[in-house]
Amino acid sequence: MNPYVYYVPQQPDYYMQPYHLYPSVDQEQDDQQRQQPQLRALERRVDALERQNEQQSREINRLNREQNRQEQEIRRLNESVERLTRRLNRVNQRLRAVENRLNIPFTPFEGEY
């Protein structure tokens, strides 16, 4: 056995197999034709998703406007409640003052059923 013999791995011969390295124009066209239906399907799906996104955006805007309107109404009602509560408290104070002047005894649960 020769101690100076080395194993050299086989290198692929690129010049002998050009077809595998560089696909032909016909093969590229075949690939493109096969991909066309997939691309059209993807384009249709993207279009449908964009329409759905626009519709959802319009709905969100409508809901936001409705929410703002309701918040304004709530603020208006709260202001009315505060105003009427202050008025009722003033009327109660006047009533107690009149009751005190006339010596009418005050009972906290008077008038309740």
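User: What share of the protein's residues is buried?

Analyst: Buried means under 20% relative accessible area, exposed over 50%, partly exposed in between (1.4 Å probe, protein chains only). Here buried residues make up 2% of the 113 residues. This is a predicted model: local features need pLDDT of at least 70, side-chain atom pairs count only at pLDDT 80 or more, and totals for chains, interfaces and linings use all residues. Residues are numbered from 1 along each chain as its sequence is written, and side-chain values use heavy atoms, leaving out hydrogens and water.

User: Is E99 buried or exposed, and which side chain of opposite charge is nearest?

Analyst: A salt bridge puts a side-chain nitrogen of Lys or Arg within 4 Å of a carboxyl oxygen of Asp or Glu. Lys and Arg count as positive, Asp and Glu as negative; His and the chain ends are not counted. E99 is buried and has no salt bridge. The nearest side chain of opposite charge is R96, 6.0 Å away.

User: What does E99 contact beyond its neighbours within four places in sequence?

Analyst: Contact means heavy atoms within 4.5 Å. E99 contacts I104 and F106.

User: Where is E99 found?

Analyst: Helices (H or I, at least four residues) and strands (E, at least two) are DSSP runs, numbered from the N terminus. E99 sits in helix α2, residues 25–101. V98 lies in helix α2 as well.
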